[in-house]
Amino acid sequence: MADQQTTGPVAVTIGRRPEPVHDVAVYAFDGMTPFELGVVVEVFGLARPELSGLLAAPWYGLKVCADRPGTPLRSVGGFSLTAEHGLDELAAADTVVVPGVPNAFGGVGAPPGRQAGGVSPGLVAALRTAHERGARIVSICSGAFALAAAGLLDGREATTHWRYAELLQQLHPAVRVNPDVLYVDSGSVLTSAGSAAGIDLCLHLVRRDHGARVANSVARRFVVPPHRDGGQAQFVEAAVRPVEEGDDGIGRSMQWALDHLASPLTVTLLARAAGMSDRSFLRHFTARNGTSPMRWVISQRIAASLPLLEAPAGTVEEIAVAVGFESAATYRHHFGRVMRTSPTAYRRSFGHGGA
């Protein structure tokens, strides 16, 4: 008898009912740019054999959805794709991701039948239905225009690509638009800035759902940093700026800091690792990273502490020392500022006995 092959995520459990797969639906449209859609597919749609033994729940199931399933959708770059699923399935998903919308920046000049910002009425209705059901709603880049058109951002802080933040604010004055962050997590509704910030937000979702070790593994396969100031219901404070010509010493000092997180670190030590004066180092570091060196160090120490909190061993006091904080009190202070929760509460929510 020929072997049978199964496609898609399968949850096999012996002795108890299989856990349901978390369905992720991503919106595709005519005229889209493929990067943001590809990010969602890469994170949530690929098989993850490397995670065997790490997952406490099944991996995601992914559906690409469109207003008219089966109709070819043109993409920037001269190719087309066809979405197999419609907006009914998008509205029924556990997590809905809108990676952009057509004519997002046309404002009131949007085509007939479209709301300002290029959002289809069908998508607006599907988003409202999903939100009312309790689904998690996520936008990347111009996808925030769709969430705003559905009224899901009213009274909330949200972000989009910094070039279009002013227009989003003009079209939707009830939204508190923050153009200076990578992403905003308010629990059931999350928004991110453009392109690469979508990677950060998707990894943040994986971290929320499966913990730091799983998110780090996905990031390694992506070949990107596993964590850029993410966390619970909090705001990432600055995007990474482009590297300036002749500024290679900054990257060298950052790597040196990561290798010595548990040791006392100062601006002078970091500047010495970069081969710069303190003043020059401060200027170049801030220009590149959008934050001060010591604020960056604190965020890296917090990030390094997360997998330790998820493991069963080690007290908060021991973890604080292990990642370089002077005391547990200092660690708790900075952890609360960055993560908007306490180390103990984080461990209670994300700790895994087998980590």
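**Helix packing and a ring pair**

Reader: α11 and α13: roughly parallel or roughly perpendicular to each other?

Author: Roughly perpendicular, because their angle falls in the 65 to 115 degrees class (under 35 is roughly parallel, over 145 roughly antiparallel, the rest oblique). This is a predicted model, where local features need pLDDT of at least 70 and side-chain atom pairs pLDDT 80 or more, while totals for chains, interfaces and linings use all residues. Numbering starts from 1 along each chain as its sequence is written, and side-chain values use heavy atoms, without hydrogens or water.

Reader: What angle, and how far apart are the axes?

Author: About 95°, with the axes of α11 (residues 293–310) and α13 (residues 328–339) 10 Å apart. Axes are fitted to C-alpha atoms over the stretch in contact, and angles run from 0 to 180 degrees between N-to-C directions. Helices are DSSP runs of H or I, at least four residues, and strands are E runs of at least two, numbered from the N terminus.

Reader: Which residues make the contact?

Author: From α11, R295, I298, I302, S305, L306 and L309; from α13, Y331, H334, F335, R337, V338 and M339. Contact means heavy atoms within 4.5 Å.

Reader: Switching topic. How many aromatic pairs are there in the whole structure?

Author: Eight (Phe, Tyr or Trp six-membered ring centres within 6.5 Å).

Reader: Where do the two sit in the chain?

Author: F44 is in helix α1 (residues 34–45) and Y60 in the loop between α1 and β2 (61–65). They are 16 residues apart, so the pair links distant parts of the chain.

How values were computed. Rings of Phe, Tyr and Trp (its six-membered ring) pair if their centres lie within 6.5 Å; planes under 30 degrees apart count as stacked, over 60 as edge-to-face and the rest as tilted.
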